[in-house]
Amino acid sequence: MEANAVFSGGGVKGIAFVGAIKVFEEMGYRFRKLAGTSSGAIVASLLAAGYTGDEINQLIRTLDYKRIIAKNVWDRIPLGRPLRLLFKKGLYSGDYLENWIDQQLARKNVSTFSDLPPDRLQIIASNLSKGTILQFPKDAHLFTHRPEKMKISRAIRMSISIPFFFDPIRIKNKEVEYIVDGGVISNFPIWLFDHETPDKIPTFGFNIRSKNTEHYYKIRDPFTMLYALISVMLENQDQKYIEKQDAVRTIFIKTDGVKATDFYLGEKEQEVLYLAGKEAAYKFFRTWNFSDYVSRYVRKNQLSVSLNTPASSSKR
């Protein structure tokens, strides 16, 4: 069985996606087209390159998360991190994660989008300067004269650039433009493949969702205010309203108690996330019926479009 898959953002909580993927493989599904935002883009790219759920699980368990936020020369300077934020627009570079992704893709002989079948993978980022969504490889021409040679790891680096946390990617057009995390504009772009044949190949959404609980952030200075701003932005993305026809094809994975930037997760916490993904996928398949989805939503939407399309005025 073939299916498309779209993965939301979620930072380190993206580990939970791997558990859900394992269940889909057990059910006999093979992913045809893939898309993702932020951590979802990482998972989507590994699947697109040919990794299985078990292989991705092994890779993620060996990733040294602490190196993503490792201390460097800025920490030797008084007020080094605030100064770095002032000059670089981010607390951390994100280079380690970009290089790690590049290395994992290379193991499957994949580096650029041209190494994959056409339309196999889409990655979402945000142009903060223009307030527009970016889709790669579609928008690769904005960054290079040879769009087909754009590295997948570079597109992912843009997609994971949590504002203020990681350095934004800067491009020079008429003016300097800043590219940041795809979740700023579209954290869950499940609509990406809806123009195709939804009545033949389903598109499943994988969405990280935390319990909608109130959390108090003690703000003492501009930096604790900045931390609160980033945390609220990331966590509230999980609570965005999803239309009913999207909800019935979405696996909602609860990751209570874990924040997107908890890069000090231990093996126990990683296993909890992985199992949460498996549990959510099993729960989804207990009620999922593709024929029912097509009859209730896809054909209903197609009929609505046809009824609202003006009839041709030409005479025969």
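**Reading pockets, cavities and a helix pair**

Q: What volume does the largest pocket have?

A: The largest pocket comes to about 510 Å³. A pocket is an open set of points on a 1 Å grid over the protein atoms alone, with protein on both sides within 12 Å along at least five of seven lines. Its volume is the space filled by probe spheres set on the points, joined across faces, edges and corners. This is a predicted model, where local features need pLDDT of at least 70 and side-chain atom pairs count only at pLDDT 80 or more, while totals for chains, interfaces and linings use all residues. Residues are numbered from 1 along each chain as its sequence is written, and side-chain values use heavy atoms, leaving out hydrogens and water.

Q: Which residues lie nearest the centre of the largest pocket?

A: Look for T250, F252, A280, K283 and F284, out of 19 lining residues (lining means an atom within 4 Å of a point). α10 (267-285) gives the most, five residues, and β10 (250-254) and α11 (290-307) each supply at least two. Helices here are DSSP runs of H or I with at least four residues, and strands are E runs of at least two, numbered from the N terminus. By class, the pocket lining has ten nonpolar, three polar and six charged residues (nonpolar: Ala, Val, Leu, Ile, Met, Phe, Trp, Tyr, Cys and Pro; charged: Asp, Glu, Lys and Arg; polar: the others, Gly among them).

Q: How many cavities of 30 Å³ or more are there?

A: A cavity is a set of points where a 1.4 Å probe fits but cannot get out, and this structure holds four of 30 Å³ or more. The largest cavity has a volume of about 230 Å³. G11, V12, S39, I42 and L97 are the closest to its centre, out of 18 lining residues. The lining of the largest cavity has 14 nonpolar, four polar and no charged residues, and α2 gives the largest share, three residues.

Q: Why is α7 largely enclosed by the rest of the structure?

A: Seven of the eight residues of α7 are buried, so the helix is largely enclosed (buried means under 20% relative accessible area with a 1.4 Å probe, protein chains only). Among them are I152, A155 and M158. Across the chain of 316 residues, 51% count as buried.

Q: Which residues of α6 and α7 make their contact?

A: Contact means heavy atoms within 4.5 Å. D95, E98, I101, D102 and L105 of α6 meet I152, S153, R154, I156 and R157 of α7. Sorted by class, that's four nonpolar, one polar and five charged residues.

Methods
Buried means under 20% relative accessible area, exposed over 50%, partly exposed in between (1.4 Å probe, protein chains only).
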